[in-house]
Each structure stands twice: as C-alpha cells, then as structure tokens.
Amino acid sequence: PVPFDWKDPLGSHHMFTEEELAVAETAESYCQERLLPRVLEAYRNEEYDPKILEEMGELGLLGATIQGYDCAGVSSVASGLITRAVERVDSGYRSGQSVQSSLVMGGIDEFGTKEQKDKFLPGMAKGKILGCFGLTEPNHGSDPGSMESMAKPHPTKKGYYSLSGSKTWITNSPIADVFLVWAKLQETGKIRGFLVERSQCPPGTLETPKLGHKNGLRASITGMIQMDEVPVAHEMMFPDVEGLKGPFSCLNSARFGIAWGTIGALEDCISRAREYALERKQFKNNPIAKYQLVQKKLADATTDAAFGIQAALQVGRLKDEGKIAPEMISMIKRQNCDRALVGARNLQEIFGGNAASDEYHIGRHVSNLFVTQTYEGQSDIHALILGRAITGIQAFV
Ligand code: TGC
Ligand code: FAD
C-alpha cells in the first residue's frame with residue numbers, strides 16, 4: 001500500500017501523460033508565482049491587467065488544444081489542467097483565459113475561414129489580440145435562441161452587414177479587440193457568428209461599458225457590447241455554421257474547462273482550510289482539526305474534489321477520442337460547480353470570524369464559485385439538459 005495523499009486522493013496524476021504533467025507544472029508555477037501575488041489587490045480594486053493574457057500567451061497557455069497557429073496543440077486533459085491551475089488562484093483569471101481560449105479562439109478554429117484563422121489566431125495565442133464572446137443579452141440569458149441582435153444588409157456599404165443589438169455580462173468586452181458576436185441574420189432568421197473588430201468600427205457604432213461593483217469575479221473584467229449599425233464585412237461571418245450549434249459548440253469546450261477549474265478553486269479552499277484547522281487552537285489547546293465536525297467538512301470536500309477530477313478526466317479522454325455527448329459536459333460542469341460551491345461554503349466555516357477577512361482567500365472563492373455555477377448555463381439549466389436526455393421530454397418551455 002502507498003500512503004494516502006490528501007492532495008490527490010484517488011491518484012489522478014498516475015493517469016496523466018508526461019506531457020500533461022509538464023503542462024500542469026508550467027501552469028501551476030506561473031499561477032502561484034505570478035498571479036497569486038496580484039490577486040488580492042486586483043479583487044479589492046476590481047482591476048484586470050490585460051498583460052496577464054500576454055504572459056499566459058508566452059507560456060503557451062492560450063488556445064492550448066489548437067493545432068498550428070502558434071498554439072501548443074496539447075490534449076483536452078492538459079487544457080483542463082491549465083484551467084485547474086489558473087482557477088486555483090482565482091475564477092476571474094480563469095474566466096479571462098477561457099473566454100480567450102475556448103470561446104473565441106476555439107470558435108474561430110472550428111468555424112472560421114482560413115483567412116479568419118490566419119488573421120486572428122496567432123495574435124490571440126500570444127495574448128496580443130484580446131477576444132470576447134457575445135451571446136447573452138439583457139432580455140435573453142438562459143434562452144439565447146430568442147436573441148434580438150440582428151444583422152441586416154448594410155444600407156450604404158456594399159458587401160457589409162449592419163449589426164445592431166445589445167449583449168450583456170460579457171467577460172473581457174471592455175478591453176477586447178475582437179468580438180465574436182452571435183446575431184440573427186435578417187434574411188433567414190438564423191443565428192450566425194460575426195467577428196467584429198473594434199478598430200474597424202466607426203465612432204459611435206460600438207460601445208463596451210464596464211459592469212462594475214460585482215459581488216464575485218472581481219478580478220476579471222465584464223461589460224456590455226452595444227452595437228448600433230456596426231458595419232461588418234461579409235467575410236467576417238462564419239461561413240458554414242448556423243443556429244445555436246455554433247455558440248454551443250464553443251461552449252462545450254469552455255464548460256469542460258470550468259469543470260476542471262472549479263475543482264482547482266475547491267482544492268485551494270481545502271488546502272487553506274486544512275492548514276488553518278491544524279494551526280487554530282480552541283478548547284484545551286486542541287487544534288480545531290481534532291474535532292470530528294471539522295474533519296467531516298474536510299473529508300466531504302476532498303472527496304468531491306477527487307471525484308470531480310476523475311469525472312473530468314474521463315470526459316477529457318473521450319473528448320480527445322471524439323466520443324463525447326454534450327450531456328456529459330453538462331453533467332461535469334453542473335456537478336463540479338455545485339460541489340465546489342457547497343464545499344467552499346462549508347470550509348469557510350472553519351475560519352470562524354477570520355473568514356470575513358479577504359486575506360484568508362476563502363470568501364473570494366465562495367463569491368466566485370456562485371458565478372461559475374451561473375454562467376455558461378446555470379446549474380438548473382444543465383439539470384434540464386440532462387433531464388431531457390434521460391426522459392426524452394424537453395422541460396424548458
Ligand atoms: P436546443 O433545441 O437544445 O438546441 C438548438 C440547436 O443547438 C444544438 N445544440 C448543441 N450543439 C453542440 N453542442 C451543444 N452542447 C449543443 N446543445 C444544443 C442542437 O443540436 C440544435 O441544433 P439544430 O441543428 O437542431 O438546430 O436549443 P434550445 O433553445 O432548446 O436550448 C435550450 C438550452 C437551455 C439547452 C440552451 O439554450 C442553454 O444551454 N442555455 C444556457 C445558456 C448559456 O450557456 N449561455 C452561456 C453564455 S456564454 C458565457 O456564459 C460565458 S462565461 C465565460 C467565462 O467568463 O468564463
Ligand atoms: P436567467 O436566464 O434570467 O435565469 C435566472 C434564473 O432562472 C436561473 O436560476 C435559471 O436557472 C432560471 N431559469 C431560467 N429559465 C428556466 C427554465 N426554463 N426552467 C427552470 N429554471 C429556469 N455571457 C456571454 O455571452 N459571454 C460572456 O463572456 C459571459 N460572461 C459572464 C460573466 C459573468 C461575471 C456573469 C455573471 C455572466 C456572464 N455571462 C456571459 C452571462 C451568463 O451566461 C448568464 O448570466 C447565464 O447564462 C444566465 O442567464 P441570465 O443571467 O439571463 O439568467
């Protein structure tokens with residue numbers, strides 16, 4: 001028998017390849033050495049440094065599963081290990097990274113023309129071009145199929161669409177150079193993907209105000225995309241994908257990344273709560289780690305983290321073999337977000353009054369994990385996706 005390792009209770013590391021372990025090591029070192037020292041100030045002041053994406057780009061951490069275009073071309077499991085490392089520091093940092101990588105670069109790689117890929121992917125891989133993904137609208141969040149954003153033939157510019165509408169709660173929008181916007185094409189009423197470049201928008205057609213004073217995800221930047229007759233060249237539309245299949249295909253990869261990331265956040269909570277419980281003494285000079293109720297909180301969270309990684313690993317392997325159903329991703333996204341939130345919230349109690357201080361980091365994770373449970377499909381929506389697959393009956397409408 002080997003000794004039990006509370007940091008890796010089910011021995012997951014035995015199931016990663018050498019390359020995956022090397023990627024994880026690079027990501028973990030960067031995140032602990034360069035991101036962790038910045039996170040408290042960033043979270044307090046609600047500031048996101050766009051240089052972070054450039055730093056990640058230098059290490060090959062952006063769009064890491066994409067082959068070519070200066071991307072690393074690693075496995076889905078390796079990309080999961082990256083998001084786990086980033087979210088171990090903060091969900092907001094993972095948000096910035098996964099929007100760039102999975103939602104925008106992933107979308108361009110899967111649906112873009114050769115010209116679109118050549119134009120955007122190498123710069124995005126280096127973090128020199130920043131992207132955002134506009135699906136949610138003020139009146140349509142869980143139900144993006146009802147979106148109102150519309151692309152019409154441009155009244156004066158031949159070969160252009162005119163794009164109008166409003167997107168909200170968009171990660172990276174205030175700092176983005178390129179916007180992957182989903183809108184209905186007036187001619188067909190079908191949803192299409194458009195690549196809008198900030199530098200090409202005439203004054204007054206594109207505004208991206210920041211949404212400030214957030215309760216969570218304060219170390220990421222979030223805003224709106226307000227489009228008023230933005231001219232978009234025909235060749236900036238994804239040519240062959242229409243309907244919700246487009247955005248949801250991008251979301252499959254991002255939701256997969258969140259399933260790994262939220263376990264990283266939970267693992268950080270476990271590590272910090274364990275250390276605190278061993279040091280903090282109450283009642284006859286006993287460490288609170290001696291008390292059964294405290295041990296149960298640690299046992300529950302550690303079990304959820306270990307199961308969460310195993311499930312994400314299984315889905316990652318199937319993803320690379322082309323054998324996943326989207327419902328598998330709904331299952332791990334929902335389960336890992338939910339368990340990470342519950343676990344972090346229970347572990348928060350171990351810190352007593354000190355949990356109220358941001359220097360113990362636990363409150364920040366709890367606030368962030370509420371958001372992760374909400375974006376990219378709120379947990380109840382994923383329950384309905386699973387319920388539909390189990391019963392054959394659709395319960396959304
Ligand atoms: P439904 O009838 O289910 O599907 C419509 C079409 O889409 C296809 N499809 C998928 N394709 C690929 N992958 C998937 N996961 C897919 N899910 C559906 C489907 O096959 C169909 O294709 P076709 O060709 O037959 O038209 O559509 P519905 O309108 O009934 O959908 C309902 C529901 C609830 C499943 C869906 O709307 C949903 O998932 N809502 C949640 C919304 C959401 O996730 N928004 C995310 C916004 S982006 C974001 O939050 C980024 S945060 C990032 C960060 O900061 O980290
Ligand atoms: P609603 O759809 O109004 O849902 C509210 C509640 O009602 C939820 O609990 C939901 O589960 C429930 N509900 C809704 N319909 C049903 C139903 N049929 N049955 C049962 N329950 C139901 N979006 C982007 O496009 N790009 C981004 O980059 C992005 N980044 C984000 C960053 C942050 C910090 C946040 C907070 C959000 C972000 N979002 C982004 C938006 C996010 O995806 C949406 O908030 C999410 O999809 C939920 O939509 P909603 O907020 O409109 O909630």
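Modeller: Of the 26 residues around ligand 1, the ones that come nearest are Ser95, Gly145, Phe248, Pro326 and Gly377; a residue is near a molecule if its C-beta atom, placed from the backbone, lies within 6 Å of it. This is a predicted model, in which local features need pLDDT of at least 70 and side-chain atom pairs count only at pLDDT 80 or more, while totals for chains, interfaces and linings use all residues. Residues are numbered from 1 along each chain as its sequence is written, and chains are lettered from A and ligands numbered from 1 in the order in which they are written.

Colleague: Which element supplies the largest share of the shell around ligand 1?

Modeller: Helices (H or I, at least four residues) and strands (E, at least two) are DSSP runs, numbered from the N terminus. H4, H6 and H10 each supply at least two residues of this shell. The largest share is six residues, and it comes from H6.

Colleague: How many charged residues does the shell around ligand 1 have?

Modeller: Ala, Val, Leu, Ile, Met, Phe, Trp, Tyr, Cys and Pro count as nonpolar, Asp, Glu, Lys and Arg as charged, and the others, Gly among them, as polar. By these classes the shell around ligand 1 has 13 nonpolar and ten polar residues, and the charged ones number three.

Colleague: Which elements give two or more residues to the shell around ligand 2?

Modeller: There are 21 residues around ligand 2, and Leu135, Thr136, Gly141, Ser142 and Gln378 come nearest. The elements that give two or more residues are strand S1 (131-134), strand S3 (160-171) and helix H10 (379-391).

Colleague: At what angle do the axes of H2 and H4 cross, and with which hand?

Modeller: Axes are lines fitted to C-alpha atoms, for helices over the stretch in contact, and angles run from 0 to 180 degrees between N-to-C directions. The axes of helix H2 (residues 51-58) and helix H4 (residues 91-111) come within 10 Å, and the angle is roughly 65 degrees. A crossing is left-handed if the near helix is turned anticlockwise from the far one by less than a right angle, and right-handed if clockwise; the crossing of H2 and H4 is right-handed.

Colleague: Which residues make that contact between H2 and H4?

Modeller: Two residues are in contact if their C-beta atoms, placed from the backbone, lie within 7 Å. By class, the contact of H2 with H4 has four nonpolar, three polar and no charged residues. H2 brings Ile52, Leu53 and Met56, and H4 brings Tyr93, Gly96, Gln97 and Gln100.

Colleague: Is Glu46 buried or partly exposed?

Modeller: Glu46 lies in the loop between helix H1 (18-45) and H2, and has a positive phi of about 55 degrees although it is not a glycine. A residue is buried if 20 or more other C-beta atoms lie within 10 Å of its own, exposed if 12 or fewer, and partly exposed in between, with C-beta atoms placed from the backbone. Glu46 has 17 such atoms within 10 Å, so it is partly exposed.

Colleague: And His361, buried or exposed?

Modeller: His361 lies in the loop between helix H8 (326-348) and helix H9 (362-372), and its phi is positive, near 70 degrees. Because 21 other C-beta atoms lie within 10 Å, His361 is buried.

Colleague: Which residues is Leu313 in contact with, neighbours within four places in sequence left aside?

Modeller: Leu313 lies in helix H7 and counts as buried, because it has 21 C-beta neighbours inside 10 Å. The C-alpha atoms of Leu313 and Ala78 are separated by 9.7 Å, although they are 235 residues apart along the chain. With neighbours within four places in sequence left aside, Leu313 is in contact with Ser12, Met15 and Val77.
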